[in-house]
Amino acid sequence: MIEPSKKVCLRTFGCQMNAYDSLRMAGMLADMGYAQVEEPDAADLIVLNTCSVRRLAEEKVYSYVGELKRLKREKPWLIIGVGGCVAQQEGDKLLRRLPHLDFVFGPDAVPSLPGLVGDALRGKRQAMTKLGPSAAPSQIIIPTAPGLRAMVTVMTGCDNFCSYCVVPYVRGRERSRPAGEVLQEVNALVEAGVREITLLGQNVNSYHDPDSGLDFAGLLARVNEVKDLWRIRFTTSHPKDLGQGLIEAMAGLDKVMEQMHLPAQSGSNRMLKAMNRGYTREKYLEQVRRLREKVPAVALGSDIIVGFPGESQEDFEQSLSLLREVRYDFLYSFKYSDRPFTRAGRLEDKLDEDTKGSRLVELQALQRVIGLQEHQAQVGRVEEVLVEGPAKHGQGLMSGRSRAGRVVNFPGPPELTGSLVMVRITQGRENSLAGELIPATGENTA
Ligand code: 5AD
Ligand code: SF4
């Protein structure tokens, strides 16, 4: 094998879809002889995989790229590329605004990365941002040491056009990968030691195998059959598309974990309509009820936007009451920000930053209480934990995740890494659970 002599610093911003794309980029660059380094100062090539879903995320990218100017001055041979959603959104404009950039590539151009690097080495600057009709990932690139958990993208893009969201514009229309290819990738990962797979898509429950017409529940059933795979998770699910088939699949397939991210975005019908979400508060709650009826242990997560244009105090209070009613296990919450191309960006009645800020603080404070109470309610339960390794904090503690996706820390030997153990929960904290190992005896193997 050729010893890698060139070095790449790959920085990832944003969602899991980007994290997955970055792994593919790292694989392709390793084939070109690039070893990964953490610090941009040590690199010959810097690739940023960017996110533009909220304004703050985009601003971070601009300031990061700006800082790289100094490096390029010191090392004129340095190649800098910007990929991901900001690249897709801005295209050529990025090259014009930032003369120290060498190339720009959208999410669909990930397979062209080696060519773009090669061109840049020959002095060609370019932006590749065409959104293809069939560009769901088609290569299978397996990281060399993938660890216990891995992601597999099953579909990309979005057809929903929520009025605040840039994703349909930067990720394009919905495209699913053939089930055969998904399974091939899952099998290869399992062969490399992976035991837990998260299936990714902007709307996984709109998955539709282009070859056989298999839906997402059908895909789950196929992945469930993969030998030596222990756990399956998936994200993100759109509430309007949560069909009975998926609920039954979750309830019936032993490897599918009891966890669902089901973003509500708001608890107010007026806002849900303005957001073009395609459901009402009542319909959302009905979906939650149907899911919990079949999968009682399910841990639910959500995204909430505060301060959407025209959101009144009363609308906001409806979001607070939704939190109280559903009692989420985990919540991501955001201040609304204008995004290019979107309908909401053109709406009047924008809220000021202070109002958005104080609403966010109030929502997060409420969720902290609910999350803690939900975690405390786990005390006394015996949970199956996939042990990932020593806990970050606390000597002698091991850490893993329960079936519902909660972090569980417990005293135990490092040799447990990579195994499934049973842990009795003794304490519920805000972001994790603490427990004690139940020694493996014949009784606990059922
Ligand atoms: N402003 C604030 N939050 C947004 N999100 C998407 N677009 C915006 C926006 N313009 C949030 C949604 C989505 C999550 C990924 O980001 O809650 O589910
Ligand atoms: Fe954006 Fe809505 Fe599509 Fe989610 S469903 S990616 S929020 S447009």
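Predicted model: local features only at pLDDT ≥ 70, side-chain atom pairs only at ≥ 80, totals over all residues.
Local features require pLDDT of at least 70 and side-chain atom pairs pLDDT 80 or more, whereas totals for chains, interfaces and linings use all residues. Side-chain values rest on heavy atoms, without hydrogens and water.

The two cores are listed below; a nonpolar core is a set of buried Ala, Val, Leu, Ile, Met, Phe, Trp, Tyr and Cys residues joined through side-chain atoms within 4.5 Å. Buried denotes under 20% relative accessible area, with a 1.4 Å probe and protein chains only.

| Core | Size | Residues |
|---|---|---|
| Largest core | 56 residues | Most contacts inside: L199, F216, L220, F234 and M260 |
| Another core, apart from it | 24 residues | Among them L48, V65, L71 and I80 |

Helices here are DSSP runs of H or I with at least four residues, and strands are E runs of at least two, both numbered from the N terminus. F234 is in contact (heavy atoms within 4.5 Å) with residues including T198, V204, L246, M250 and V256.

In helix α5 (residues 113-121), the buried residues are L113, L116, V117, G118, D119 and A120. Their cover includes helix α1 (16-31) and strands β2 (34-36) and β3 (45-50). G123, which follows α5, has a positive phi near 90°.

Q89 belongs to helix α3 (residues 84-90). Q89 counts as buried because its relative accessibility is 9%. Beyond its neighbours within four places in sequence, Q89 is in contact with S52, E58, V166, V170, R339, P340 and F341.

Around ligand 2 lie residues including C158, H238 and R277, each with a heavy atom within 4 Å of the ligand.

Terms used. Residues numbered from 1 in each chain as written. Chains lettered and ligands numbered in written order. Buried < 20%, exposed > 50% of the residue type's maximum accessible area, 1.4 Å probe, protein only.
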